[in-house]
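These are my notebook entries on one structure. I record what I looked up, in the order in which I looked.

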Amino acid sequence: MGITDMQEAFYYRECAAAHENSPLGLHYAMFLPTINKQATPEQKKKWLPLAENYKMIGTYAQTELGHGTFIRGLETTATYDPKTKEFILDSPTLTSKKYWPGCLGKTSNHCVVMAQLYTQGKSHGPHMFMVQIRSMEDHSVLPGIEVGVIGNKFGYGTNDNGFLSFDKLRIPRENMLMRYSQVGRIPRENMLMRYSQVSRIPRENMLMRYSQVHEDGTYVKPQNAKLAYGSMVLIRSSIVSDAARGLAQACVISIRYSAVRRQTEAYPGGEEPQILDYQTQQYRLFPLLASAYSLQLAGKYVFNTYLEVNDQIEKGNLESMPELHALSAGLKAFSTYEASAGIEVCRICCGGHGYSQASGLPKIYVDVVPGCTYEGENTVMMLQTARYLMKCYSRAKQGQKLPGFVQYIGQNLNKKSCMSEEVALGCLVMAYEHRAARLVEAAAMRMQSLIQGGKKQHEAWNGSSVQLFWAAKAHCHLFCVKNFVDAIQAKSLSSKTVTVMKSVCQLYGVHGILENLGEFMQDGFFSGEQVGYLQRKMLALFENIRPNAVALVDAFDYPDMVLGSCLGRYDGQVYQALYDYAKSAPMNQTEIHSTYYKHLKPLINPETTSDAMQFAKL
Ligand SMILES: CCCCCCCCCCCCCCCCCCCCCCCC(=O)SCCNC(=O)CCNC(=O)[C@H](O)C(C)(C)COP(=O)(O)OP(=O)(O)OC[C@H]1O[C@@H](n2cnc3c(N)ncnc32)[C@H](O)[C@@H]1OP(=O)(O)O
Ligand SMILES: Cc1cc2nc3c(=O)[nH]c(=O)nc-3n(C[C@H](O)[C@H](O)[C@H](O)COP(=O)(O)OP(=O)(O)OC[C@H]3O[C@@H](n4cnc5c(N)ncnc54)[C@H](O)[C@@H]3O)c2cc1C
């Protein structure tokens with residue numbers, strides 16, 4: 001293929017088999033990046049050529065039957081044996097069996113395994129280990145390993161998500177992924193002196209600034225334990241664009257179809273209008289179109305932020321790690337919630353044909369919706385963002401300066417909206433900042449009052465977690481609105497394209513307020529009159545966007561082969577395509593289906609059943 005950028009390669013493969021989650025998906029999305037980001041130079045030198053050339057095919061085995069969210073609760077153990085300089089991997093309980101990892105059941109011959117590290121009788125928490133699970137000669141399962149597929153799922157039929165357990169499997173010490181942030185940069189001469197006294201690890205291993213288990217079992221911890229979570233942050237930062245892609249494709253299909261489909265005479269004797277001319281169809285589809293554009297912009301922002309922060313981390317500067325975690329966790333949750341719900345609305349807007357696989361919509365849905373669960377269950381991710389927002393709130397109250405995208409926190413909440421009939425973009429951003437700041441403060445106040453009332457920290461946290469969730473969701477929503485507005489304002493408004501996009505951006509902001517009105521009106525920030533401005537503006541924007549609706553989805557430029565949809569075809573020949581799809585159905589290859597003779601004929605013509613049964617036995 002010759003494509004070196006991994007995201008580009010991912011999307012290129014997506015074009016070849018759109019929304020068919022690849023049986024090598026985890027090899028690309030997590031196994032290779034984990035080696036890239038968590039292995040030492042020596043380990044990369046050994047494993048990357050094999051993995052990049054498909055000799056090693058791997059997955060990311062972290063989740064277990066009993067734990068997916070709570071990584072520190074994982075039960076798989078890796079115990080260091082200094083006598084043999086090996087780790088002993090074990091699945092001590094039923095619930096410790098790895099369960100869910102993609103490409104695990106039948107495809108992978110290796111995996112990076114997250115296990116609790118034990119050395120010198122002490123636990124050091126979750127760490128990653130490279131484990132070979134199948135022979136690279138004949139793909140047979142290696143001794144001490146049980147592996148298989150978990151069975152049918154909601155979707156992802158092309159991915160052999162599997163289970164895996166270890167029975168005191170021994171792996172070399174060198175198979176612990178030992179890169180990580182230096183525990184302080186130990187001068188070379190000290191390292192030589194220090195390590196030569198403590199252990200005789202090979203010289204090439206000594207020039208490391210990484211976490212180590214020395215040959216005698218001494219553990220050198222990383223600068224931050226969460227660095228081991230890096231691969232998840234990478235994928236969370238990538239999922240936002242993936243969710244945007246799914247929503248955008250569903251919008252292409254449903255809006256193109258709505259421009260072709262005519263239904264119900266508009267008045268007695270009149271012609272049937274395009275269903276895209278129904279205001280209710282516009283009310284359901286146009287805000288989703290706006291959301292698709294907004295999430296695409298947010299996806300670009302968060303992935304670029306990942307690249308920037310990851311570069312800093314690899315230079316030992318972990319300062320922006322909390323911000324990246326909060327941003328990637330929150331936007332991953334926000335984008336997959338929005339996209340999943342939006343794709344389902346697009347399907348419903350296509351009527352019966354939307355329920356056919358011929359529409360392409362069910363396949364997009366079952367490919368996007370697990371994103372609400374994998375790589376961090378969405379509610380848990382939102383609460384991680386909320387945790388960061390609470391810290392920001394207390395820093396703001398102490399007068400500390402906050403980083404860019406949280407500077408709104410702690411602002412004066414006594415002001416009122418500047419909203420007028422024009423519905424300026426700036427007034428929209430101010431409204432979202434006010435709503436998020438108010439919800440962050442309300443959650444913080446709730447926590448404080450529970451603690452003052454005698455609750456312990458964890459009780460106050462759980463007792464405030466609904467409000468914490470609301471605050472995190474409002475924060476992510478603000479981010480998407482402001483990021484969209486900034487993109488519009490960064491362009492000159494003279495060109496027609498940007499003028500059209502300004503309407504789309506306005507609709508995104510207006511619709512979001514009207515769909516969450518209680519949160520915007522609870523403290524009187526908006527007057528009833530101003531809500532009227534917003535309602536009228538939304539209806540006006542539908543009319544404004546209608547003439548460009550098809551062009552706006554064409555602009556996503558997804559080819560028919562990627563959409564895989566009879567409804568979203570560029571040429572609009574929907575009905576012929578549906579009929580051809582039906583005719584090609586395997587069951588239509590014979591006039592009478594073989595099951596007639598065995599199951600129906602005995603009912604319809606019992607007298608002639610005998611010869612029928614003969615036939616059925618053929
Ligand atoms: C440059 C190279 C570029 C290469 C590009 C490659 C791209 C590849 C192609 C991609 C293309 C697009 C892909 C899109 C499609 C993807 C398809 C993927 C297919 C399916 C994959 C699914 C795989 C999985 O599901 S893997 C398993 C995922 N599991 C999870 O996510 C588990 C979730 N749980 C957790 O993360 C933790 O348990 C958590 C955070 C909930 C709690 O952790 P813990 O208990 O340890 O911490 P806390 O006590 O809550 O907090 C302590 C402290 O730590 C901070 N923190 C927590 N996590 C992080 C983190 N990750 N980073 C930084 N900091 C973290 C937390 O904020 C707290 O800080 P305080 O200061 O104390 O508040
Ligand atoms: C299609 C698919 C592919 C996957 N691929 C992989 C893979 O390749 N590798 C891998 O390791 N894993 C994989 N997973 C597993 C996935 O990462 C986990 O399912 C996910 O992390 C959620 O964990 P869980 O299933 O244990 O859910 P749980 O954590 O049990 O969540 C269940 C419910 O409990 C709630 N909950 C849990 N903890 C809290 C909390 N602290 N506060 C509030 N509410 C809470 C959640 O919000 C949720 O509503 C995959 C899953 C799917 C569906």
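I began with the UniProt record, an unreviewed entry, which lists residues 5-57 as "domain: Acyl-coenzyme A oxidase N-terminal". I noted that UniProt positions are given in the numbering used here, that feature names are shortened, and that annotations may be inferred rather than shown by experiment. The model is predicted: local features need pLDDT of at least 70, side-chain atom pairs count only at pLDDT 80 or more, and totals for chains, interfaces and linings use all residues. Residues are numbered from 1 along each chain as its sequence is written, and chains are lettered from A and ligands numbered from 1 in the order in which they are written.

I then looked at the span 5-57 itself, which is 70% helix and 0% strand, with its end C-alpha atoms 19 Å apart. Helices (H or I, at least four residues) and strands (E, at least two) are DSSP runs, numbered from the N terminus.

Next I located T40, which sits in the loop between α2 (25-38) and α3 (41-52). Is T40 buried or exposed? I recorded T40 as buried, because 22 other C-beta atoms lie within 10 Å. The cut-offs are 20 or more such atoms within 10 Å for buried, 12 or fewer for exposed, and partly exposed in between, with C-beta atoms placed from the backbone.

Of the 36 residues around ligand 1, M6, Y229, H325, Y374 and G376 come nearest; a residue counts as near if its C-beta atom, placed from the backbone, lies within 6 Å. I found that α5 gives the largest share of this shell, 7 residues.
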